[in-house]
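My entries follow in the order in which I looked things up.

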Amino acid sequence: MLPKFSSRAFLAPMAGVSDPALRLQCKQMGAGLVVTEFTNIHSIIAKEKQLKEKMSTIQEFIEYSEQERPLSVQLFGSDLSALEKAAKIVEPYFDIIDYNMGCPAPHITRQMAGGALLQEVNLTQQILRTLVNAVHKPVTLKIRSGVTDASKFLFREISEIAEDEGIQMITFHPRTVSQGYSGTADWNLIKELKEISNIPIVGNGDITTPEDAKTMIDETGCDYVMIGRGAMGNPFLFEQINDYLKTNSYKEYSFKDRLDAFFDYLHLTSQYKIKFVNIESQAMRFTKGMNGGSKLRSKITLSSNIEDLEKIMNNAYTTS
Ligand SMILES: Cc1cc2nc3c(=O)[nH]c(=O)nc-3n(C[C@H](O)[C@H](O)[C@H](O)COP(=O)(O)O)c2cc1C
């Protein structure tokens, strides 16, 4: 059974952008579910072997904290026996096992993983069956609508198979794989999926404001919404969506608040092995749209360690 979610707004997995500190921050700001960035099933197996020798567990490889719960771990890769092994390795630590069938990156689709699987109905069925049989935790699926414009309705058959195989929730980003992130997400397809499904549907794509979240829910009937790029450097969005859905109003945050939020994020990073370049990129995102932000960002790119970065951000804070 799926856990109970405290909010209808979820944080999307974003490899290279989200990390355990950002996930925790979004959770603290009201996200109902956070999902780890996708992880290759073969890496999980290889790492677990190494970590076992050091008397350690996979938690050292896929970092998280207890406060993030309920927490979903996202896997990709289509080798059935590796999938079974990897799922069993991660199962004890996570509340939901999510499977990625949406990634459009060529280095993923070339290995018949991510979004490329949408056109492989039989393999998809075997993958989902393997996963559901391998674990006792709920298994969920994240998909795009199809591979190309000509196959943009593949989601219809895939979602039916998913439901038959025991998938408990589907996150739907209604762009095709070949679209990448161009154009717009076709929310009409979310409405269609919700109408043909008997399991919860998470609508995803192009939500950047609380108003967008409400519109998606109202127009498509989706059970939950998932936000990716709109939450970059903007963890407040979860609180704002929760308030807007309840009261039709929400608190606006200033850029100073965003700088404060960056310091909160920075504080959280100290518990994890997050690379400095990733923290630096996060600083860029937290200053997006800020008055004088581009000057500040050119200073940020010159920083080479946390102390430098903190100084630059502190200076921006006192002069803003
Ligand atoms: C930098 C980046 C990394 C992403 N990594 C993942 C990932 O690891 N797993 C996944 O399912 N989707 C991934 N996505 C897709 C997002 O989860 C989401 O489906 C997509 O960005 C659309 O939502 P949005 O319009 O709210 O950003 C990624 C997107 C971006 C921009």
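**Ligand shell.** I looked up the surroundings of the ligand in this predicted model and found 22 residues around the ligand. The closest are Ala-12, Ala-15, Phe-38, Gly-228 and Arg-229. I sorted the shell by residue type: nine residues are nonpolar, nine are polar and four are charged.

**Domains.** I next consulted the domain assignment, which gives domain 1 (9-247) and domain 2 (255-319). Taken over C-alpha atoms, the centres of domain 1 and domain 2 are separated by 28 Å. I then looked up the contacts, in which 12 residues of domain 1 meet 15 residues of domain 2. On the side of domain 1 that touches domain 2, helix H1 (residues 20-28) gives the most, with five residues. That side of domain 1 divides into seven nonpolar, three polar and two charged residues.

**Helix H5.** I followed helix H5 (residues 121-134), which has 14 residues. From its first C-alpha to its last, H5 reaches 20 Å, close to the 20 Å expected at 1.5 Å a residue. The buried residues of H5 are Thr-124, Ile-127, Leu-128, Thr-130, Leu-131 and Val-132. They pack against H3, strand S5 (96-101), strand S6 (139-146) and helix H6 (154-164).

**Backbone exceptions.** I kept in mind that most residues other than glycine have a negative phi, and that most peptide bonds are trans. The peptide bond from Arg-69 to Pro-70 is cis, with omega near 0 degrees. I located Pro-70 in the loop between helix H2 (41-53) and strand S4 (71-76).

Met-55 is found in the loop between H2 and S4. Although Met-55 is not a glycine, it has a positive phi of about 60 degrees. Is Met-55 buried or exposed? I counted Met-55 as exposed, because 6 other C-beta atoms lie within 10 Å, and a residue with 12 or fewer is exposed.

Asp-206 also has a positive phi, near 75 degrees. I placed Asp-206 in the loop between strand S8 (201-204) and helix H8 (210-220). Asp-206 counts as partly exposed, because it has 19 C-beta neighbours inside 10 Å.

Terms used: Residues are numbered from 1 along each chain as its sequence is written. This is a predicted model: local features need pLDDT of at least 70, side-chain atom pairs count only at pLDDT 80 or more; totals for chains, interfaces and linings use all residues. A residue is near a molecule or strand if its C-beta atom, placed from the backbone, lies within 6 Å of it. Ala, Val, Leu, Ile, Met, Phe, Trp, Tyr, Cys and Pro count as nonpolar, Asp, Glu, Lys and Arg as charged, and the others, Gly among them, as polar. Domain bounds come from an automatic or database domain assignment. Two residues are in contact if their C-beta atoms, placed from the backbone, lie within 7 Å. Helices (H or I, at least four residues) and strands (E, at least two) are DSSP runs, numbered from the N terminus. The expected span of a helix is 1.5 Å times one less than its number of residues. A residue is buried if 20 or more other C-beta atoms lie within 10 Å of its own, exposed if 12 or fewer, and partly exposed in between; C-beta atoms are placed from the backbone.
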